[in-house]
Amino acid sequence: MNQHEKFRIRLSYLKTSSLIFISHRSLIDVLMRAIRRTQVPLKFTQGFSPRPKVMFSPPLPLGVTGKAELIDIETTKLIDEDNFILLLNKAVPEGLMFTKATNLMPQAPGLSKMIKKAVYTFTPYVKRLKDHIPVEESGSSFPTTSKTTELMNMNEILITKKAKKGKPPKEVNVRPFIFSLEVNDDESGAKNNVETDQNDIKTDQMVTATIASGDKTVSPLILATLLWPELGESPLENVKITREYFLSPIDMKL
Amino acid sequence: MRKDEYLRILTSMEKPYRYTGGELNAADCSDTNAKKMVIVFPDTYEIGMSHVGVRILYHLINAQKDMYCERAFHPWTDLEDVLRKSNEPLRTLETQTPLKELPLIGFSLAYEMLYANMLNILDLSNIAVEAIDRDENDPIIITGGPCSYNPEPIASFVDIVVVGEAEEVICEIVNIANDKSISRRDRIIAIGHLKGCYNPSDTKLTTDEKSGKLTGLSFISEPEKTQIDKVYGKDLNKSWFPCNPIVPNAEIIHDRANLEIHRGCIHGCRFCQAGYIYRPLRTRKTEKLLNMADEILTSTGYEDLGLVSLNSVDHPDIVNLSTILDKKLHSKRISLGFPSLRLDAISSELVDVLGHTKKNNITVAPEAGSQRLRDLINKNLTEEQILNSIKTFSEGGWQKMKLYFMIGLPGETDEDIVEMAELIRKIVKTGKLGKIDPETGKLQKGRPFKVTVNVSSFVAKSHTPFQWSKMDTEETLKARMHILLSQLSGHKAVTIKWRDFDLGLIEGMLARGDRRLGPVIKKVWKDGGRLESWSDRFEFARWEKALKSENLTLDEYIFRDIDKDETLAWQHIHCGVSVDYLKKEYEKAKDEECTKNCFTNNCSNCGFGKDCPVLELKKNSDLTEDEVIENEVTEEKMNGEVE
């Protein structure tokens, strides 16, 4: 094993079903154990307590599904991409699936430089929404369309952020972090299937949002409450939120 | 509520992963034709999943072709509130099935504070808490774990108590419990006739009319039976241990791969129930352990391997085993841990191995501060041995250590607490001596050294020599604690932690309680008592109130010495160690006399007789008869006790 040579490989994975309830910190353990099980020769940091050299895409909020989450790992050997995916998926917890492995060129920028934006989708569970909106008779007309346009037309969207102990809460304008908000009406009549055990919860509207990624961003959970204010503080019981993919600085799908 | 709706309400819970299952190596329980059961650890997921016993049984049953075992835990208050509000039952993790729909529920009871949780889980599952109120379609409720050794306080709530190592009988129990060709009552009776299985409804008690105290117990369907002998495996190499354990998705209390290297203990500290009920000492062979370690680490990907036992150093081949493992694991950056170690046998080879592990996890348990008290509790540890091992650790580079002490031990005086403070000061002083640089061999002086002292109060448990001893009142314990704190006040290198003394009193009461405590536990549960092992949720007043309403007092259960001829509530439960031996040990304690460990010394005749696996172990070990005797002499010399 040569600790001086360095190879980087980028992994794409799904975070779904029960795994959406796992915090980023716990997810790191889950991912690292999955990688350890393949016995690939990891490259470690120097020093008193060596750690594997890895880089993760920005954390997903608890309860949000991820369809193309990313990790870069460093190894001391060149790894066969397809075989690595096979090995990784041989033993994974429910909700974790590795979809792609790509060896990176030495000069390729890291994830923090590559990820600038993220695309999210919001899919309401129809049946549940009806319980919450007594006035709406037809299942298809949610107040989404007006809200998306309304929100995009605003110059400022002020959100009160909880501050650290002893400090007053801070008001933040999150409008600059929202690049686009679109309603995808289901014109074909083929309803979106929201993944559930029973596959029987259907909806015909979906909101797609492109928002900033990184430190300066707006949480998709807050965006959901802006889109459906009637759902209150915990929108996840009624709306499925998915991070579909990340965008690079030149808006390339990662 | 449908299954998917149940899963969706979990999104609003603080830690949904406590209820979802789906972890790596969790069992597939979708085969509806299989014989089923659910194993419940009645505390939260993080605690229950750290319990090795639950994991052994879970994976053992799931390894059977025609059986499966699901899991359930006590919900945190957030989920309980939602379930109660919507009148929904608690469900299993594997298939989200309500517990009531399974034929067999096994509760793992590792400590007494779980009793009220068990009742709450039964109630949340719409199952009657009293065994007598259950009907033909209800599951059979069994319990296991250390609390089985005195099951009397919970006797009216359970159908069967498994005493000993349930892995030896659990598959037979699952078979019988799933046999719908016979009535529920007959199933329970059949299970009650298995080895180690106790059916409280099959007993007849005679009590003293005046005091209500137990005077005798007989078995209705087996009049010739006088006692329940624990069930255990004589050869640990043949006992089941999971090599593909579940890997939780989020951190639990002990988040590591576990390998049980041996079971049982040869030391016999007189306060320690584990030291008696898990006897005799049985070990796994090194070769087998190495293979198991390989398999466990490959199937889990864990970065920590813990060698689990009551005292890792007791394994006859521990130096060899840990050196080989250390060599293998160090290059893979997997650390090796010894969750429990005694100080007397720490060798320099072991310290080398420990040096490769994380340097903050050494815990040392002198238990008592004075030599007199350490002899009284049979700790078999001299001050010289303690300080020598501290010196070895300090030279190895450790700068932090956890110390465990007990207060309220039988025969303890204020003077013993003063000596405890003195010992702690000496430990810190020794720890500051400094590290030896591995390259130059020179001592690096002036290094800081800190200790965290954990003080717990003595709880008298059944099946120990102290089972006849009284416990100290909260006032006495607080006064002793005050002495320790004032003795060490201003000592910057010492942090002292202690847990609520009143919780220990209730534990002590339940540990040696009788059937009259059943209604007390039920009242406490009805009054909101649950998750009481979380100290901020424990309420002493609730227990006091419940005791009062049943006309019972703590005085009777814990604040008096029990007469040695008195009928004990648990005397029909046998752990293999004879009552005569325990009595003898209690007398020796009063004389402050030690009993040496039975491996490097002579057999102490605790009750396992000629079949005792320790005798076999001694035959196969490197120790020759001469060495055994020589050891005895040198140890006695060290203690200054040569006859």
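This is a predicted model: local features need pLDDT of at least 70, side-chain atom pairs count only at pLDDT 80 or more; totals for chains, interfaces and linings use all residues.
Two residues are in contact here if their C-beta atoms, placed from the backbone, lie within 7 Å. Residues are numbered from 1 along each chain as its sequence is written, while chains are lettered from A and ligands numbered from 1 in the order in which they are written.

**Confidence**

- The model comes with an ipTM of 0.82 and a pTM of 0.90.
- For chain A the mean pLDDT is 82, and 82% of its residues reach 70 or more. Its residues 128–143 have pLDDT below 50, with 16 contacts in the model beyond near neighbours in sequence. Residues 187–201 of chain A also have pLDDT below 50, and there the count of such contacts is 26.

**Chain A overall**

- The chain carries 6 helices and 12 strands; helices (H or I, at least four residues) and strands (E, at least two) are DSSP runs, numbered from the N terminus.
- Of its 254 residues, 31% count as buried. Buried means 20 or more other C-beta atoms within 10 Å of the residue's own, exposed means 12 or fewer, and partly exposed is in between, with C-beta atoms placed from the backbone.
- Among contacts in chain A with a separation of 6 or more, 72% link residues 24 or more positions apart.
- The domain assignment, whose bounds come from an automatic or database source, gives domain 1 (7–114) and domain 2 (117–247).

- All 8 of the 8 residues of β5(A) (117–124) are buried, so the strand is largely enclosed by the rest of the structure.
- Both of its faces are covered, with A:K117, A:V119, A:T121 and A:T123 on one side and A:A118, A:Y120, A:F122 and A:P124 on the other.
- β5(A) pairs antiparallel with β11(A) (205–212) over 6 bridges; strands count as paired if DSSP finds at least two bridges between them. A:K117 has A:A212 as its bridge partner in β11(A).
- β5(A) also runs antiparallel to β12(A) (239–247), joined by 8 bridges. There, A:K117 stands opposite A:L247.
- In α6(A) (220–227), the buried residues are A:P220, A:L223, A:A224, A:L226 and A:L227. Seen down the helix axis, they fall within an arc of 160°, so they line one face of α6(A); the arc is that of the directions from the helix axis to the C-beta atoms.

**Where the chains meet**

- Chain B puts 24 residues into the contact and chain A puts in 26.
- On chain B's side, α1 (3–9), α2 (17–20) and α10 (286–300) each give two or more residues, and α1(B) gives the most, with 4.
- That side of chain B divides into 8 nonpolar, 9 polar and 7 charged residues.

**Inside chain B**

- An open sheet of 6 strands has the order β2-β1-β3-β4-β5-β6, with mixed pairing. Its edge strands are β2 and β6 (197–198), each pairing on one side only.
- β3(B) and β4(B) (140–144) run parallel, joined by 5 bridges.
- Helix α4(B) (52–62) has 8 of its 11 residues buried, so it is largely enclosed by the rest of the structure. Its cover includes β1 (35–41), α3 (45–48), β2 (67–73), β3 (104–108) and α7 (170–177) of chain B.
- B:K583 sits in α21(B) (579–590) and is partly exposed, with 14 other C-beta atoms within 10 Å. Its C-alpha atom is 7.7 Å from that of B:K564, 19 residues apart along the chain.

Technical notes:
Ala, Val, Leu, Ile, Met, Phe, Trp, Tyr, Cys and Pro count as nonpolar, Asp, Glu, Lys and Arg as charged, and the others, Gly among them, as polar. pLDDT is the predictor's confidence in each residue, from 0 to 100.
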